[in-house]
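Please open the model in a viewer and keep the selection panel at hand.

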Amino acid sequence: MIQFLKTLILFCLFLCPFDSTADDFDIIKSRVVNELLKEKVEKTEVEEIIKKLKSDGSFNDIEYGDLSRTAGFPHRYHTVNLEHLSVAYKQKGSPYFGDKNLLNSIKLGLTHWADKDYFGDNWHNNQISTPTHLTNIMLLVGDEMPKELVNKLQPIIGRANMNASGARPSGDRIVIAGILAKNLLFMNQKEDFAEIIKIIEGEVKFNTGERGMQHDYSFHHRVDRVNNTTSYGYGKYANAFGEWSYFVAGTSYAFSEKGIKHLVDYYLDGIYKQLVYGVYNDVSVQNRSITHKATFKSQSTIEIERLLLSTDYRKSELEEIIKLRKGEAKPSLSFAKFFWQTEHFVVQRPHYYTSVRMFSSRNRNMEVPYNGPGKPTHHRADGTNYVQLKGDEYLNIWPMYNWQQISGTTIMQKPELPSPEEIQKEGSTSFVGAVEDGNIGAVGYDFKSPHDNLVAKKSWFFFENEYVCLGNGIQSWPNLPVVTTINQTLLKSPVRINQNDKTYTLTNGKRSLDNVKWVLQDNIAYVLPQKSTLNISNQTESGTWASITDEKNVSNEIVKEEVFNIGFDHGNRPKDGSYAYVVIPGVTERKLLENVDRNIEILSNTKEIQAVKNTALEVTQVVFYTASMLQIDNKTSLSIDSPGIVMLKSQKGKLKEIHVSDPTRTLSHLSITLTGKYTSSASFESSYNAAENKTLFRIALPLGPYAGKSIGINL
């Protein structure tokens with residue numbers, strides 16, 4: 001299919017002289033219109049739209065009176081309807097193709113809009129939504145509309161311009177530029193069109209510290225530096241650029257190969273690594289949109305197919321994503337990646353996907369609940385750790401969700417959450433980071449809640465098929481309980497539990513159980529290195545969508561789901577609370593019992609050091625919150641002269657690799673001392689102390705936009 005489309009484009013270019021700007025302009029316009037005409041036209045749907053059209057050009061099912069932000073601008077359905085009618089009129093094979101009565105209906109609806117000029121309180125409706133639909137309508141039927149009406153609509157469309165408030169560097173800038181480019185195609189303004197295409201092409205670039213793509217391939221839509229990679233950074237940035245790269249491909253307006261390659265890197269190393277298997281939405285990176293009802297479906301393949309028309313760069317990786325999204329392949333990739341600019345850590349294996357979301361004094365915690373949605377999301381960056389096998393584990397759980405018991409977090413249990421105006425907060429800790437080698441890694445979080453008087457040292461240690469979660473130094477005030485939630489997810493199987501060395505199926509309900517060794521639900525095991533007391537709930541919970549948003553016209557109907565919630569109760573006002581557990585995703589009970597302890601040794605879980613060793617992999621991961629020393633075994637010690645995170649990898653007892661990072665982003669070098677003799681190389685300096693049989697390593701750290709990234713050395 002891809003090769004056929006490539007051939008088709010080349011054939012079109014053969015018919016149209018390549019050096020003719022006019023012909024290129026017409027080719028692009030034709031492609032844009034053809035893309036609009038791909039919309040499916042249903043006769044019954046068109047009939048319903050026509051029935052709703054009143055004699056004054058309005059629709060009888062739209063509330064035109066409320067233009068407030070929380071109303072959601074229902075007026076947009078007016079222009080959506082007219083665009084759909086325009087497609088039905090122009091689409092060959094449509095029962096309404098060339099129907100003059102339908103054309104008159106479109107004219108009537110456009111006249112109403114031109115006369116009323118509905119202007120919403122949300123700038124997005126005025127600068128993006130309305131101009132988008134009106135421009136599309138113009139491209140489809142504008143040539144058959146009265147010139148006076150077209151001229152009257154132009155100022156409304158013209159609110160999408162490069163001086164508009166929304167045209168700031170971010171996803172919206174490319175979208176607004178794209179609307180303007182389409183309107184210039186309709187108005188046949190070739191010179192201005194060429195300038196806008198240059199603006200679109202120039203937007204795919206690193207813009208670290210500002211709005212846009214960061215050097216770690218995450219995306220910040222706003223200056224709050226909240227993660228927007230799979231929202232604004234996907235549909236409004238990458239896909240909008242990709243769409244225009246397709247429209248101009250093979251013409252004199254075509255984007256450079258450098259720009260296309262940069263986009264491919266962003267898709268593969270940024271967006272797709274923050275989607276479950278590159279296919280499904282990861283709830284961890286969602287912001288206020290999480291309180292919208294969702295459907296479980298694969299992402300589209302169209303953006304990849306368009307890319308493959310322009311480049312063969314990383315072709316096999318792109319084709320693999322297509323196969324996954326079409327259900328023609330199963331996940332095969334294993335990776336770990338820390339997005340250091342965004343404080344987000346992701347791990348994927350062929351059988352599971354998990355992530356840790358955090359924030360620091362460099363980034364704010366969560367998106368402001370603009371326009372109403374997301375009102376209970378205060379704690380969704382407090383070390384959130386969701387684990388997903390299929391991608392639907394949390395699907396529409398949110399009306400029933402306990403928003404003070406979010407998976408992975410440690411939260412003070414307040415009588416109620418603060419107001420939505422209190423959601424977004426500045427972080428107050430700089431020690432937020434991770435070390436990784438592309439496959440495994442460790443995360444350290446010196447957590448200080450911006451909402452409560454609560455602090456904790458939280459860490460995660462990711463190996464091949466399991467990960468370890470440690471907490472210590474949990475302190476809070478006033479006299480309220482503090483809970484660390486291991487997971488709160490949809491209940492998808494009976495809950496199996498090992499308590500007091502006996503294994504049984506837990507009946508539905510809510511309770512606190514002591515002497516628990518492990519719990520298994522939905523093929524995810526939670527193992528306690530030391531038998532512990534857990535709060536476990538597996539029962540029906542209820543709620544409403546209206547309760548988690550301030551948007552208008554949201555259902556108050558009570559919805560119910562079976563929910564599984566497991567965690568630690570640290571009691572009221574803990575002074576030095578702690579926890580330790582191991583998560584094993586994608587495991588049966590039989591496989592779990594073959595190796596419950598997973599070759600895991602917890603070397604330290606204190607306020608100064610949290611460290612775990614996997615004896616089978618010969619990997620030791622250490623989070624140093626202060627300059628200190630760790631005795632790894634009776635022969636080996638590791639010390640560091642500053643806070644930092646270290647990973648040691650050995651083979652047959654011999655140290656082979658050292659990976660380090662600086663979570664504080666303040667150091668140019670990290671110095672560690674290890675038992676044994678090692679010599680310098682091009683990548684590090686070393687000094688051997690024969691009397692103590694120890695080597696001091698001085699490792700240069702990445703700087704500038706790469707500060708916080710891991711660095712590895714081979715021995």
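This is a predicted model: local features need pLDDT of at least 70, side-chain atom pairs count only at pLDDT 80 or more; totals for chains, interfaces and linings use all residues.

Select L593, which counts as partly exposed because its relative accessibility is 49%; buried means under 20% relative accessible area, exposed over 50%, and partly exposed in between, with a 1.4 Å probe and protein chains only. L593 belongs to helix α14, residues 589–594. Helices (H or I, at least four residues) and strands (E, at least two) are DSSP runs, numbered from the N terminus.

Residues are numbered from 1 along each chain as its sequence is written, and side-chain values use heavy atoms, with hydrogens and water left out.

**Backbone geometry in the loops**

Most residues other than glycine have a negative phi, and most peptide bonds are trans.

Select R573, in the loop between β19 (559–572) and β20 (577–585). R573 is not a glycine, yet its phi is positive, near 50°. With a relative accessible area of 42%, R573 is partly exposed.

Move to N500, in the loop between β15 (495–499) and β16 (502–506). N500 also is not a glycine, and its phi is positive at about 55°. Its relative accessibility is 40%, so N500 counts as partly exposed. Which distance separates N500 and K531 in space, C-alpha to C-alpha? The distance is 8.5 Å, although N500 and K531 are 31 residues apart in sequence.

Now select W477 and P478, which are joined by a cis peptide bond with omega of about 10°. P478 is located in the loop between β13 (467–477) and β14 (481–490).

**Helix pairs**

Two packed helices are described by the angle between their axes and the distance between the axes. Here axes are lines fitted to C-alpha atoms, for helices over the stretch in contact, and angles run from 0 to 180 degrees between N-to-C directions.

Display α3 (residues 43–52) and α4 (residues 76–90), whose axes come within 10 Å and cross at roughly 130°. That angle makes α3 oblique to α4, given that angles under 35 degrees count as roughly parallel, over 145 as roughly antiparallel, 65 to 115 as roughly perpendicular and the rest as oblique. The crossing of α3 past α4 is left-handed, a term used if the near helix is turned anticlockwise from the far one by less than a right angle, and right-handed if clockwise. Show the side chains of E45, V46, I49 and I50 in α3, which meet N81, H84, L85 and A88 in α4; contact means heavy atoms within 4.5 Å. The residues of this contact comprise five nonpolar, two polar and one charged. Ala, Val, Leu, Ile, Met, Phe, Trp, Tyr, Cys and Pro count as nonpolar, Asp, Glu, Lys and Arg as charged, and the others, Gly among them, as polar.

Proceed to α5 (residues 100–116) and α6 (residues 123–141): their axes come within 13 Å and cross at roughly 145°. α5 passes α6 in a left-handed crossing. From α5, L103, I106, L110 and W113 meet T130, L134, I137, M138 and V141 of α6.

Select F119 in the loop between α5 and α6. F119 is partly exposed, at 46% relative accessibility. Leaving out residues up to four places away in sequence, F119 touches L67, N126 and R159.

Then show α7 (residues 147–157), which packs against α6 at an angle of about 145° with the axes 9 Å apart. Residues of α6, including T130, L134 and M138, meet V150, L153, I156 and I157 in α7.

**The nonpolar cores**

Finally, select L110, F193, W244 and Y272, the residues with the most contacts inside the largest nonpolar core, which has 97 residues. A nonpolar core is a set of buried Ala, Val, Leu, Ile, Met, Phe, Trp, Tyr and Cys residues joined through side-chain atoms within 4.5 Å. Apart from this core lies another, of 59 residues, among them F359, W403, I474 and V495.
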